[in-house]
Amino acid sequence: MFPPLKLHSTIGRSYRLEPSDVLQTKKALRQIGYYHTPSYGITEISDDPMFNGIERFQQDNRLRKDGIIRPCGETQNAINYALTRQELASQQGLRSGPLFGMYDRFASQLFHMPGGAMSTTCCATGTIDCEND
């Protein structure tokens, strides 16, 4: 299981950043498809691809697009939720990839499957129902 994002300080372009927070953020964003490792690799130094990934994630998940992640804030919680959803999809043998659309943690969640099928997994029960549309 991928570890949750646990920040010690705020991540943002105009903030003093903790190197360990930067590294954790890049790894979490990469895991959910919002950070592509540059040719120089993943470092503890902030870069434009990280901030661009934060902003794309915020936009895709209908969060305020400000490029900022606060400890225990809306964006950090949404990233951790996306990591959890991806782990659930993996455990159920569903295709990995970007998952989108934020839902209450106890509501059914949509996952894309091969052939255009949609599968809903209930977080509370772990059951799966599949509908072909």
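Student: How many helices and strands does the protein have?

Tutor: Helices (H or I, at least four residues) and strands (E, at least two) are DSSP runs, numbered from the N terminus. The protein has three helices and three strands, and along the sequence they follow the pattern α-α-α-β-β-β. This is a predicted model, in which local features need pLDDT of at least 70 and side-chain atom pairs count only at pLDDT 80 or more, while totals for chains, interfaces and linings use all residues. Residues are numbered from 1 along each chain as its sequence is written, and side-chain values use heavy atoms, with hydrogens and water left out.

Student: What span should helix α3 have?

Tutor: The expected span of a helix is 1.5 Å times one less than its number of residues. Helix α3 covers residues 74-91, so its 18 residues should span 26 Å; the C-alpha atoms at its ends are 26 Å apart, which agrees. Just after α3, Gly 93 has a positive phi of about 75 degrees.

Student: What percentage of the residues count as buried?

Tutor: Buried means under 20% relative accessible area, exposed over 50%, and partly exposed in between (1.4 Å probe, protein chains only). Of the 133 residues of the protein, 39% count as buried. In α3, the buried residues include Ile 79, Tyr 81 and Leu 83.

Student: Is Thr 25 buried or exposed, and where does Thr 25 lie?

Tutor: Thr 25 lies in helix α1 and is buried, because its relative accessible area is 0%. Contact means heavy atoms within 4.5 Å. Leaving out residues up to four places away in sequence, Thr 25 touches Leu 5, Leu 7, Ile 11, Met 50, Ile 54 and Ile 69. Ile 42, in the loop between α1 and α2, has a relative accessibility of 24% and therefore counts as partly exposed. With the corresponding exclusion of residues up to four places away, Ile 42 touches Leu 23, Lys 26, Arg 30, Tyr 35 and Thr 37.

Student: Which residues have the most contacts inside the largest nonpolar core?

Tutor: A nonpolar core is a set of buried Ala, Val, Leu, Ile, Met, Phe, Trp, Tyr and Cys residues joined through side-chain atoms within 4.5 Å. The largest one has 20 residues, and those with the most contacts inside it are Ile 11, Leu 29, Ile 32, Met 50, Ile 54, Phe 57 and Ile 79. Helices α1 (19-31), α2 (48-60) and α3 each supply at least two residues of this core. Apart from neighbours within four places in sequence, Ile 54 is in contact with Ile 11, Thr 25, Leu 29, Gly 67, Ile 68 and Ile 69.

Student: At what angle do α1 and α2 pack?

Tutor: Two packed helices are described by the angle between their axes and the distance between the axes. Axes are lines fitted to C-alpha atoms, for helices over the stretch in contact, and angles run from 0 to 180 degrees between N-to-C directions. Helices α1 and α2 pack at about 55 degrees, with their axes 10 Å apart. That makes α1 oblique to α2; angles under 35 degrees count as roughly parallel, over 145 as roughly antiparallel, 65 to 115 as roughly perpendicular and the rest as oblique. Val 22, Thr 25, Lys 26 and Leu 29 in α1 meet Met 50, Gly 53 and Ile 54 in α2.
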